[in-house]
Amino acid sequence: MGKATGFKEFARENLSYAPVADRIVHFKEFSKLPDDMQTQGARCMDCGIPFCHNGCPINNIIPDWNDAVYHDRWREALDILHSTNNFPEFTGRICPAPCEEACTVNLIGDAVTIKNIELSIVEKGWQEGWITPQIPARKTGKRVAIVGSGPAGMSAAQQLARVGHEVVVFEKNDRIGGLMRYGIPNFKFDKSVIDRRMAQMRAEGVEFRVNSAVGDNVSATELVNDFDAVILAGGAEKPRDLPVPGRELNGVHFAMDFLTKNTKRVLGDDIPDEEFISAAGKHVVVIGGGDTGSDCIGTSNRHGAESVTQIEIMPKPEAVPNKLITWPNWPMKLRTSTSQEEGCDRDWEVSTKRFIGDADGNLQAVECVRVEWKEENGQWKLNEIEGSEFELPAQLVTLAMGFVHPVHEGMLEELGLTRDSRGNVAADDTNYATSMDKVFTAGDMRRGQSLVVWAIREGRQCARSVDEFLMGSTTLPR
């Protein structure tokens with residue numbers, strides 16, 4: 001695969017970025033792929049057992065497409081890429097690339113730039129006009145409803161439409177895309193990327209219905225009765241809250257409320273100032289150290305925040321983990337996002353005690369305390385460090401601590417579906433069937449908060465199960 005000695009001869013080339021001062025004044029994408037991707041493909045060694053396959057949740061055939069790129073067979077590379085991934089332009093932008101951590105070259109140096117090669121292949125496919133609708137030769141007469149238009153719902157919809165089923169996607173928001181549309185800022189993920197796939201899917205027969213909240217203005221029971229199969233792919237949208245004193249103060253918001261209103265304005269919606277959440281001129285505290293917290297940092301800096309501080313309750317990870325211990329698994333290591341590079345203070349092992357407001361109920365500060373983790377009887381326990389309390393000035397706090405499970409009110413309560421111990425819709429890994437006949441579930445609604453790439457995997461596998469349920473057999477890939 002690639003060039004046998006390529007990883008010795010060629011250095012890894014990463015994305016290049018516009019200067020910070022230039023990019024924080026807009027919400028456009030600011031990264032650029034290396035010019036010579038064929039050389040990067042050459043770095044994929046003939047390692048015998050490509051651990052990147054298992055590192056990738058959708059089991060992308062990574063060495064094969066790297067080899068095709070190296071030998072200038074881009075169309076072949078695109079076919080290989082699409083054989084396991086409906087939307088490589090999504091994952092090529094926002095996947096954290098566990099495949100690269102599992103790369104064999106990563107053991108001795110810098111991993112192959114798998115994610116960048118993936119993105120370069122699919123963007124070349126769009127540029128050359130190779131990506132066209134795959135319209136089925138015949139229709140089955142079966143109707144499938146899909147609730148939710150995130151990556152799980154979209155991948156299931158495309159797979160089922162391509163084998164001839166009539167597919168209708170129901171989305172509660174006014175645009176298709178789920179959290180990809182409103183939960184990820186445009187500077188990381190331009191929404192035209194979703195729109196061009198939607199155009200392809202419409203040509204393939206997928207119908208999109210927006211402003212359709214199943215369990216609210218669309219009856220979930222009628223949906224089950226009217227369609228031959230239903231896939232619930234609504235995500236895990238119940239945010240983890242922080243019930244400390246002062247939570248009700250003006251200025252304390254869930255991260256998704258902050259990001260969604262901002263993206264709607266960027267997309268041209270008229271969001272009144274009294275509804276918009278602005279960081280302009282404010283001291284901002286982001287609670288939570290993950291990707292969503294990072295998105296809040298980048299958005300706040302583009303608003304013109306006075307300062308941004310990100311706090312995390314967990315310990316600060318190692319900058320360089322011991323690869324001989326962690327490889328090929330995903331390591332806990334210190335990662336710095338482009339948003340964090342744009343400007344913020346980061347602090348670890350910090351817990352929030354209370355929010356402090358003024359006489360008018362407006363947030364003014366966050367009272368914090370330092371904590372330490374100690375192992376007791378084989379379990380890690382959190383302890384506050386006495387006398388370590390401190391305050392951070394804050395007129396805006398975003399709660400970016402993840403999601404606990406799907407929203408239960410509405411659709412799930414109406415259908416009365418069985419849930420697992422974490423509050424997700426219960427369904428097994430084999431057929432994705434729920435406790436109700438002909439109702440299936442996939443993505444975060446089934447597995448809990450996870451990655452876009454896992455959602456695509458689940459959507460594809462669920463589509464196979466639904467096709468087999470409807471037709472008795474299936475040609476869709478597992």
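Mentor: Isoleucine 356 stands opposite alanine 365 in strand 13. This is a predicted model, in which local features need pLDDT of at least 70, side-chain atom pairs count only at pLDDT 80 or more, and totals for chains, interfaces and linings use all residues. Residues are numbered from 1 along each chain as its sequence is written, and side-chain values use heavy atoms, without hydrogens and water.

Trainee: How many bridges join strand 12 to strand 13?

Mentor: Seven bridges join strand 12 (residues 350-357) to strand 13 (residues 363-376), and the two run antiparallel. Strands are DSSP runs of E with at least two residues, helices are runs of H or I with at least four, and both are numbered from the N terminus. Strands pair if DSSP finds at least two bridges between them.

Trainee: What lies between strand 12 and strand 13?

Mentor: Five residues, in a hairpin whose turn holds glycine 361, with a positive phi of about 85°.

Trainee: And which residue of strand 14 is the bridge partner of valine 371?

Mentor: Glutamate 384. Strand 13 and strand 14 (residues 379-384) pair in the antiparallel sense over six bridges.

Trainee: Turning to helices, at what angle do helix 10 and helix 12 pack?

Mentor: Helix 10 (residues 151-162) and helix 12 (residues 192-203) pack at about 25°, with axes 11 Å apart. Axes are lines fitted to C-alpha atoms, for helices over the stretch in contact (heavy atoms within 4.5 Å), and angles run from 0 to 180 degrees between N-to-C directions. The two helices are therefore roughly parallel, a term for angles under 35 degrees.

Note on methods: Parallel < 35°, antiparallel > 145°, perpendicular 65-115°, else oblique.
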